[in-house]
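Please load the model in the viewer and keep the selection panel at hand. The stops below are intended to be followed in order.

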Amino acid sequence: MDNLTDLPNSDGFFGEYGGKFVPETLMHALKELDETYAKLKNNPKFIEEIDQDLVQFVGRPSPLYFAKRLTDHYSGPQIWLKREDLNHTGAHKINNTVGQILLAKAMGKKRIIAETGAGQHGVATATVAARLGLECHIYMGAADVKRQSLNVYRIKLLGAQVHAVDSGTATLKDALNEAMRDWVTNIEDTYYIIGSVTGPHPYPMIVRDFNAIVGRELRKQSMEQFDQYPHAIVACVGGGSNAMGIFYPFLEESNVALIGVEAAGSGLMSGKHAAPLNDGKPGILHGAKSYLMQDKNGQVVDTHSISAGLDYPGVGPEHSNLKDSGRAQYIAVDDDEVLSSFHLVTKLEGIMPALETAHAFAALEHIAKNYKSNQHIVINVSGRGDKDINTVATMDGISLD
Amino acid sequence: MEYLLTRLDDRILSLNKAKKKALVAYLVAGDPSLDSTLELMHGFVDAGVDFLEVGVPFTDPIAEGPIIQAAHDRALKNNTSLSDIFQLVEKFREKDPETPIILMGYMNTFLANSQALQEAHTSGTDAVLIVDIPGESNLEKLGIKNKNLAFISLIAPTTSEYRISQICNRSSGFIYYVTLRGVTGSSHLDISETEENINYIKSQTLLPVFAGFGIKTPDDAFNLSKISDGIVIGSSLVEMIHQQSSKKEFKKIYNYLHEISEAIK
């Protein structure tokens with residue numbers, strides 16, 4: 001087996017997954033991005049600039065917090081929370097956008113585009129574009145514009161334009177389609193900040209690298225706070241950027257279990273879910289080969305999840321390779337489990353997780369019993385739940401008007 | 001690349017001999033219905049079309065503008081699958097054994113049907129154009145190579161000279177030059193840039209170079225035909241087909257195609 005940390009290869013493949021499956025017009029821009037990134041990623045000045053932004057603008061490092069009452073509740077392993085919800089703009093997404101905006105700047109691009117599902121990546125992109133005074137356009141499925149209205153307004157306040165996408169299922173995948181069409185059309189002056197470890201090479205690698213700060217901090221913090229690496233790391237997986245960021249620095253630590261949690265929606269058996277690693281087949285969407293929710297004719301099928309950020313039929317190619325290689329395991333939890341977990345964590349810890357993040361917490365119901373009281377589990381708290389209170393209220397049958 | 005000559009190459013040779021420019025017409029299979037698609041294909045040929053490009057609908061056609069996207073959606077509502085399209089081609093061949101047929105679509109649909117693709121030529125398909133595989137890709141490795149089919153590659157204004165030569169080396173049939181930066185049906189045609197690029201491509205390959213994306217009027221067609229070996233018409237036809245989807249009076253479309261075929265002679 002290849003050394004997992006050394007992937008992707010130069011063609012952008014993680015094992016059989018990944019690659020660059022895009023219309024010809026984009027090939028040159030991808031090569032240009034690949035070359036720019038290769039040149040800059042080890043450049044001390046570039047690294048220093050990013051590090052400074054991460055500390056002073058994002059607020060890193062994010063704390064590693066011991067969740068005492070949650071630990072007592074499960075009376076199993078010690079549960080620790082990696083607090084990405086405390087980052088500026090409220091989620092891990094900013095780790096990636098502060099890095100990519102510097103690539104855009106280095107490439108002399110004047111116009112920024114991005115897709116967004118839950119709106120967190122849209123906010124994180126609009127934020128860094130505002131800071132550099134760059135024109136910014138955010139594509140968002142019309143259905144998501146409705147259910148994440150708070151974030152839509154935040155994006156607009158930051159000076160970006162929101163384009164509601166009506167085509168297809170009007171969710172994240174259609175927003176990605178539309179962003180790619182914009183990119184094909186405005187290729188010369190536009191930088192596309194993809195928000196997850198998805199899309200054509202080199203995006204899955206770049207987005208992972210920028211998010212890997214989370215896992216690197218955890219290596220240090222876990223040693224400092226409990227004298228060893230965690231026994232397990234749990235993270236939710238939609239496209240999979242928060243999971244990849246915290247998993248990647250531990251790929252070679254074979255004693256650390258890596259557990260990704262997908263959205264089972266109305267249940268894996270119902271077919272109404274967003275869990276390609278649990279119930280999909282390899283296919284090609286948005287520029288990469290990876291596990292995909294599709295029918296027998298190769299058409300991408302509708303997904304369902306309570307959380308807009310996980311409502312996506314594909315997944316980052318590196319996760320597909322980690323699944324096949326057995327290095328990570330991927331489970332799925334349904335909407336009901338997520339909602340009760342959201343309430344549990346909010347009440348026990350005073351931390352309101354995003355509905356995406358609540359998937360990782362809900363996994364504790366399944367896995368906590370497998371660990372002893374002297375073992376440590378880390379949950380990646382990928383984002384905070386303020387944006388979701390309307391959805392939660394609706395699910396609970398409460399009107400906020 | 002090893003590949004057997006098809007009726008596509010025959011047609012290219014005969015156009016060459018007659019010193020004629022090629023007219024390629026695109027439509028989406030199953031929009032508004034497979035029966036209409038069959039009727040339109042024959043009608044196109046009678047109106048002067050030399051090659052038929054049949055769109056294979058996909059849920060996420062990222063290179064298409066709004067007009068063709070909507071046609072893909074309509075065709076999928078009719079549950080049009082790749083195997084339906086192979087049957088459509090077979091039916092078309094009962095009356096027309098000569099006009100070359102190119103299937104144009106997206107990788108995932110072909111990947112899901114790679115077995116069927118191995119037999120596609122037996123039902124009368126001549127070539128495949130897959131929008132989202134880079135032209136220099138190793139088709140064998142991707143499991144979709146069929147030496148009885150031509151694999152048409154796209155070259156764009158942004159394609160580097162190095163990649164142009166790589167793509168030319170791996171291509172068969174013809175080269176499809178994308179005339180603009182944008183999705184199908186856009187309108188930023190730049191004739192002088194197009195001419196320069198097509199001339200460069202022709203210096204790298206003996207294959208004919210057809211131009212498409214953004215051709216709307218007989219004037220556009222005329223201008224592009226002067227600098228290429230043929231032209232591809234797509235979005236404007238798909239739009240006209242949609243307008244006629246209830247009345248099914250396709251004569252207007254045939255007149256339009258006839259006008260274009262006269263314009264490029």
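Select Lys82 of chain A: Lys82(A) stands opposite Asn380(A), a residue of strand β14(A). Lys82(A) belongs to strand β4 (residues 78-82) of chain A, which is joined to β14(A) by five bridges, the two running parallel. Strands here are DSSP runs (E, at least two residues), helices are DSSP runs too (H or I, at least four residues), and both are numbered from the N terminus; two strands pair if DSSP finds at least two bridges between them. The model is predicted, so local features need pLDDT of at least 70 and side-chain atom pairs count only at pLDDT 80 or more, while totals for chains, interfaces and linings use all residues. Residues are numbered from 1 along each chain as its sequence is written, and chains are lettered from A and ligands numbered from 1 in the order in which they are written.

Next, select strand β9 (residues 232-236) of chain A, which runs parallel to β14(A) and is joined to it by three bridges. Within this pair, Val234(A) stands opposite Ile379(A) of β14(A).

Now display β14(A) itself, residues 376-380. Because five of its five residues are buried, β14(A) is largely enclosed by the rest of the structure. Buried means that 20 or more other C-beta atoms, placed from the backbone, lie within 10 Å of the residue's own. Which residues point each way from β14(A)? His376(A), Val378(A) and Asn380(A) point one way, and Ile377(A) and Ile379(A) the other.

Colour chain A by domain. The automatic or database assignment gives domain 1 (14-53 + 93-207) and domain 2 (59-90 + 212-395). Their C-alpha centres lie 22 Å apart. Between them, 36 residues of domain 1 are in contact with 38 residues of domain 2, contact meaning that C-beta atoms placed from the backbone lie within 7 Å. On the side of domain 1 that touches domain 2, β2(A) gives the most, with five residues.

Finally, show both chains. Here 26 residues of chain A are in contact with 32 residues of chain B. The elements β2, α1 (24-40), α8 and β11 (281-285) of chain A each supply at least two residues of the side that touches chain B, and α8(A) gives the most, with six residues. By class, this side of chain A has ten nonpolar, eleven polar and five charged residues. Ala, Val, Leu, Ile, Met, Phe, Trp, Tyr, Cys and Pro count as nonpolar, Asp, Glu, Lys and Arg as charged, and the others, Gly among them, as polar.

Methods. Two residues are in contact if their C-beta atoms, placed from the backbone, lie within 7 Å. A residue is buried if 20 or more other C-beta atoms lie within 10 Å of its own, exposed if 12 or fewer, and partly exposed in between; C-beta atoms are placed from the backbone.
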